[in-house]
Amino acid sequence: MDSIVDALNTAYLEYVAAAAAALEAKELSGGQNTASTDAALENFKQRWELFRVACDRAEEFIESVKQRIGSECLVDEATGSATAKPGLSAAPGLPPISAVRLEQMSKAVRWLVIELQQGSGTAGSSSLSHPSAPFDARFSEDPTQ
């Protein structure tokens, strides 16, 4: 995480420096287009793009951490691990499920979402039989309804 923050900070500082250099070059040229103003503007554009790339990487990292934290919390809740922590209580009347079962259901939901986003009209049956989302026949709720 530190490397991502450092890269973002460096890209930002270089972007600000390039903006200042472009403004200074424009001022020194008296508002005229010269080779130095063109070079400064080109450098500014490059630094802008590098800053955007650094921002995108940081955003991707944040999203991956959010998903990981959410998944861990979901597994803790579903498997009953959260009840072992002080101050947390399980939902009454809901027995914990196995982490394997939770992962199977999660994969099935992901495939449904993907198929729905792609506009597939067969989302109901094909995602449940997808090889990446196998269901364990030991569970009565698994067969296609």
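The report below moves from the overall fold to the aromatic pairs and then to one helix.

This is a predicted model, in which local features need pLDDT of at least 70 and side-chain atom pairs count only at pLDDT 80 or more, while totals for chains, interfaces and linings use all residues. Residues are numbered from 1 along each chain as its sequence is written, and side-chain values use heavy atoms, with hydrogens and water left out.

**Overall picture**

The chain has four helices and zero strands, where helices (H or I, at least four residues) and strands (E, at least two) are DSSP runs numbered from the N terminus. Of the 145 residues in the chain, 16% are buried; buried means under 20% relative accessible area, exposed means over 50%, and partly exposed lies in between, with a 1.4 Å probe and protein chains only. Among contacts (heavy atoms within 4.5 Å) between residues at least 6 apart in sequence, 45% join residues at least 24 apart.

**Aromatic pairs**

Five aromatic pairs are found in the structure. Rings of Phe, Tyr and Trp (its six-membered ring) count as a pair if their centres lie within 6.5 Å, and the planes are called stacked when under 30 degrees apart, edge-to-face when over 60, and tilted otherwise. Two of the pairs involve W48 and are set out here.

| Pair | Centre to centre | Angle between planes | Class |
|---|---|---|---|
| Y15 and W48 | 5.3 Å | 45° | tilted |
| W48 and F51 | 6.4 Å | 45° | tilted |

By contrast, W48 and F51 both belong to helix 2 and are three residues apart, about one turn of the helix. Y15 is buried at a relative accessible area of 18%, F51 is buried at 15%, and W48 is partly exposed at 33%. Ring pairs join Y12, Y15, F44, W48 and F51 into a cluster.

**Helix 3**

The 19 residues of helix 3 (residues 99-117) should span 27 Å at 1.5 Å a residue, and the end C-alpha atoms are 27 Å apart, which agrees; the expected span is 1.5 Å times one less than the number of residues. R101, L102, Q104, A108 and E115 are buried in this helix. Seen down the axis of helix 3, its buried residues fall within an arc of 160°, so they line one face of the helix; the arc is that of the directions from the helix axis to the C-beta atoms. Just after helix 3, G119 adopts a positive phi of about 80°.
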